[in-house]
Amino acid sequence: MKVVVGTQLQRLVAQLHTKLPESYRIYYQMRNIQQGKWKGLEFLVDEWPDVRVVISSKLPAFEKIATKFCGPEYEFYAPKGQENALKQCLLELCHWHEPMRLTGVQENAATVLRDCSRDRRGNINITHAEPYMFMPQVENMHQQMLYVLNSLPAGLKITSLTPEDTDFVIKTYRYYRHDEYNRDYFKESFRRFPSAAIRNSEGEILSYNFSLHNGTLGGGYTDPAYTRQQLATIAGAALLKQLIESGQSMLMSGTSADNHAALRVLRKGNWKHAGFQWIRGIFYPAKAESKL
């Protein structure tokens, strides 16, 4: 595979924009390129300039918090019909001797990842998510956000998550994996990145929403006793307000395809389906305990 650097990255983005949905430009590392955040990223292609497969990795110099707590992570891009090329590139590049994450968009990516795992005699857990994109137009949205935030029921207040809330998030976040890496990751995330928590007068969390190191909305929860009170929508609006005011021009969120409650919240807000499905594979070698 060939490493793509400098102005070649801009040419690469232009190629991908012609092959994939327009909304793809906000997808994780593509957004980083779009915003000029190239430092510490490594992009590899199978051929140049006729690209079929792109794989990016997060290096230790970039977003150290992700590397430290999440393990190696690779992101892949391949159009339909390039399953064999994608498989060969993943087998060649990725470190199959250690736990890692593989994420990307490709119609048959789940099958490709399972084939790679079998070839390397490991185990892989695959999740499917439905990404939604959000491109804020602040001048049109500010009033709407204020309206949502002002609908907070009496006696409740909007705050942020703190490292002390980590245990509560661990208990309630449906996608949490129980290990020390994710525990430390959450603690550090709540110190560094925007989040929103709705609390009662005793300080108990009734609903929350948080963002991740890559700028996307990471996840949320609402106490079942308080559903249908718009708390998830309010917490989401509070988080969006923070992200927009911090200068984010493109945002993305996603949830599993079977999380109908979260999908309803996204569809009710100013979210548009991105036009593709996100695949994540969490791999760990046989007889090795997952650290992801």
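How many aromatic pairs does a search of the whole structure find? The search finds 10 aromatic pairs. The model is predicted.

**Aromatic pairs and cluster**
- Tyr 173 and Phe 210 pair edge-to-face, with 5.3 Å centre to centre and 75 degrees between the planes.
- Tyr 173 sits in the loop between H7 and helix H8 (180-192), while Phe 210 belongs to strand S9 (residues 205-211), so this pair ties together parts 37 residues apart in sequence.
- Tyr 173 is buried, at a relative accessible area of 14%; Phe 210 is buried too, at 2%.
- Phe 186 and Phe 190 count as stacked because their ring centres are 5.7 Å apart and their planes lie at 5 degrees.
- Helix H8 holds both Phe 186 and Phe 190, 4 residues apart, or about one turn of the helix.
- Phe 186 is buried, with a relative accessible area of 6%, and Phe 190 is buried, also with 6%.
- One aromatic cluster contains Phe 168, Tyr 173, Phe 186, Phe 190, Tyr 208, Phe 210 and Tyr 221.

**Strands S1 and S2**
- Strands S1 (residues 2-4) and S2 run antiparallel and are joined by 3 bridges.
- Val 3 has Leu 44 as its bridge partner in S2.
- S2 (residues 41-45) is mostly covered, with 4 of its 5 residues buried.

**Asp 165**
- Asp 165 is in the loop between strand S7 (157-159) and helix H7 (166-172).
- Asp 165 is buried, with a relative accessible area of 10%.
- Leaving out residues up to four places away in sequence, Asp 165 touches Ser 160, Arg 199 and Ile 205.

Key:
Residues are numbered from 1 along each chain as its sequence is written. This is a predicted model: local features need pLDDT of at least 70, side-chain atom pairs count only at pLDDT 80 or more; totals for chains, interfaces and linings use all residues. Side-chain values use heavy atoms; hydrogens and water are left out. Helices (H or I, at least four residues) and strands (E, at least two) are DSSP runs, numbered from the N terminus. Buried means under 20% relative accessible area, exposed over 50%, partly exposed in between (1.4 Å probe, protein chains only). Contact means heavy atoms within 4.5 Å. Two strands pair if DSSP finds at least two bridges between them. Rings of Phe, Tyr and Trp (its six-membered ring) pair if their centres lie within 6.5 Å; planes under 30 degrees apart count as stacked, over 60 as edge-to-face and the rest as tilted.
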